[in-house]
Amino acid sequence: MTPVRGARAIDEALSRWVLARTGSALLARAALEASAAEGQGHACARLDQPPIGAAFTDEEYAELRLADWVGDGAAPTPFVLDRQSRFYLWRCWRHEAALAEAIRLRCAFESEPIGSAAAFESEAEALFAGADRAAVARQREAVLRAIDGRLLVLTGGPGTGKTTTVVRLLAMLLHVAAATGLPAPSVALAAPTGKAARRLAQAVGAGRQALARTLPKDSSWAAPFDAIGRLQARTLHRLLGYRPDLNGYARGATDPLLADVVVVDEASMIDLALMRQLFEALRPDARLILLGDPDQLASVDAGSVLADIVASAPALDGRVVRLDHVWRAGAPLQRDLQALRDADGDRVEAILAGGGDGVDLRPCGDAADLDAALTRWIERHRAAFNRLFALDADPADALAALRAAQVLAALREGPFGAAGLNARIARGLGARYGFDPQQAWHRGRALIVTRNDDASGLYNGDVGIVLDGTHGPRVWFEVGDRDGMPALRSYAPAALPAHESAWAITIHRSQGSEYGEVAVVLPPDPAHPVLSRELVYTAVSRARTAAELWATPEAVRAALARPIVRHGGLRDRLAAP
C-alpha cells in the first residue's frame, strides 16, 4: 500500500487491516480518514471534507452504507456513517451518543428532596449582600440554578469570577441542606491536570477566606464557609480511579463516585471519552458543576465537549450560565483579549500597529529578532530575575517572581519552540548572573515537571525553582496543604520526576496557570499548521496585566483567521427535540 501524505502510521495500519479483512478499498480509505480525524481531535471524519484525501462521492456513500462493517449506530459495528456524512469509529460514536444522553438526562431531572431555588431567594440575597447587584446577576443565577439541578455549566473568560461563584454555590448547597434537615453534601473537586487541580483547591480556599471576612459576626453562613475551606482537589484520573494496567477506570455506573457534588475546573481540556466516563461515574442524584472557558484550546484528544455544550445552551433548560462581568484588574488587557477572541479586525490591526492597550506586538521574523526580544524581556524583568538569583533568595518570593512573567511558545522544538527559547534564555541569564547554562543545578533555575508522580506529590505542569541548600541544591515547589492553601516543599534533584527548564513553556502546558505578564512566541510562517485563534487567545488569557506577541503581523492575522473547528455530532444531539 502506497504511503498516504498526511497520514500517521496508525492510520495506515488500520487501513491495511480493514483492506485485508474486507477486501474493500473504499472502506479502507474511509477507515484511514476516520483514524486520521481522531488524531486531529475530531470525533468523526466528515466524508464531504475528509482530513486527508478527496471528498467521497454520492455513489461511494451508497456503497459504504451497504458494507457489513458500517452501520447507523443502532447495533455495534466497527464503523458508523450517519446522515450528515459523518463517519465514526465505533468507540467515538458510543462516547458521543452516551454522553449526549447523559447530559440530556441530567438537564431533565431535578435534585430532590433538597428543595427548589424559589424557596431560597432570600438566602441568595443574603449571600450576595453588599455586592453590585447588576455585576453579580449571573453569579446569583448560577447559585440558584445549582439548588434544584443535577448539572450546571459555569463558563466565562478570565477574571469573570467562576471560582468565587463556586464558593458561594457550595456555601448555598451546604446551607440549604442544613435548613432542610439533610446531611451536608459531600463535595469533590477535580481538574484534568494535577496543576489545575491544585490551583482550583487554592482558589476555592482563598475565595472562601475572602468571602468569609465579609460576613457579619455570628452569621449563619459561617459554618458553610468553614466547611468549604477543608476541601482538596484531585486530578480527574485519580478521582475516577484510572487503572493503567487495564487502560480503564474503577469508577463508573456500577461503582459510582460517593460525592454528592462534583466540581470540575478547566473543562475545556476534557476530551469526549473522559467526559463520558465522568458522567457515567456520577450517582443519579449527584450534582456536577463544570467550569471552563469554551474559547480556549480544546482537549488534546478527540472532541470539543465544553464548546459543544455551551453552544447548545438554548436546548439545555438553563443549565449553562455564562459570566461576562470582568472583576480582574487590567481592563485594557481584557479589551484586547476580547478583540483577539472575536478576531475584531479593526482592534487587531490597532494592536499590530502598536496601538494595543494591554497587548503589544514585538515583530519577530528570525533568530536575530528573537534574541533582541529576549534581551529586552530579561532587562524589563530584571527585578524579578534578581530575586531568583539572589544568594539569600526566599523560596516563596522566588516562586512569586517566577509567576510575574512567563514566555509561552506555540511550538516545542526549533528556534521558536520552548526548547530553543530555554537555551537562549539560559545563555542570556548565565552571562548576566555568572552561571554556566550547561550546568543543570545552578541557583535560580526554573523548571517544570512533565510527568505526574503521586509518590512525590508533583504533577505535570508544576513549576519549581532551584535554590542553594545546606547540603547542595534544593528544588522548591508550591504545593497544597490540608485545606488546599499554598504551602512550600523542597526536593533533592534526584527525587524529582521527569522535568525540563521552564524559562519558556508551551502554551498547551500553560493551561490552568496565571502570570503577571506573558510573552507569546509564534512561528513566523503564517502557513504553519499550529497557528489558530484559540492558541493565541489561550496564551494571552494567561496574563493578568499585559502580554506581548513575539510574531510577524502575518502570523498573527493568519492565526486569528483560523478558528479551530472540530467535527462531531454532539451539538446536533443536544439540540435535537
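In what order do the five strands of the open sheet lie? In this predicted model, the order is E13-E22-E21-E14-E20, and the pairing is parallel. Strands of a sheet pair through backbone hydrogen bonds, either parallel or antiparallel.

**The sheet**

From one strand to the next, the twist averages 30°. Within the sheet, strand E21 and strand E22 run parallel and are joined by six bridges. Tyr 515 stands opposite Ala 543 in E22. Helix H18 lies across E14, E20 and E21, and runs at about 175° to E20.

| E14 | 405–409 |

**A pair of helices**

Two packed helices are described by the angle between their axes and the distance between the axes. For helix H7 (residues 162–179) and helix H8 (residues 194–212), the axes come within 9 Å and cross at roughly 65°. H7 is therefore roughly perpendicular to H8, since angles of 65 to 115 degrees are counted in that way. The crossing of H7 past H8 is right-handed.

Which residues make the contact? H7 contributes Thr 163, Thr 164, Val 167 and Arg 168, while H8 contributes Ala 203, Val 204, Gly 207, Arg 208 and Leu 211.

Terms used
Residues numbered from 1 in each chain as written. Predicted model: local features only at pLDDT ≥ 70, side-chain atom pairs only at ≥ 80, totals over all residues. Heavy atoms only, no water. Axes fitted to C-alpha atoms, helices over the stretch in contact; angles between N-to-C directions. Helix = DSSP H or I, 4+ residues; strand = E, 2+ residues; numbered from the N terminus. Parallel < 35°, antiparallel > 145°, perpendicular 65-115°, else oblique. Left-handed = near helix turned anticlockwise from the far one by under 90°. Contact = heavy atoms within 4.5 Å. Pairing = 2+ DSSP bridges.
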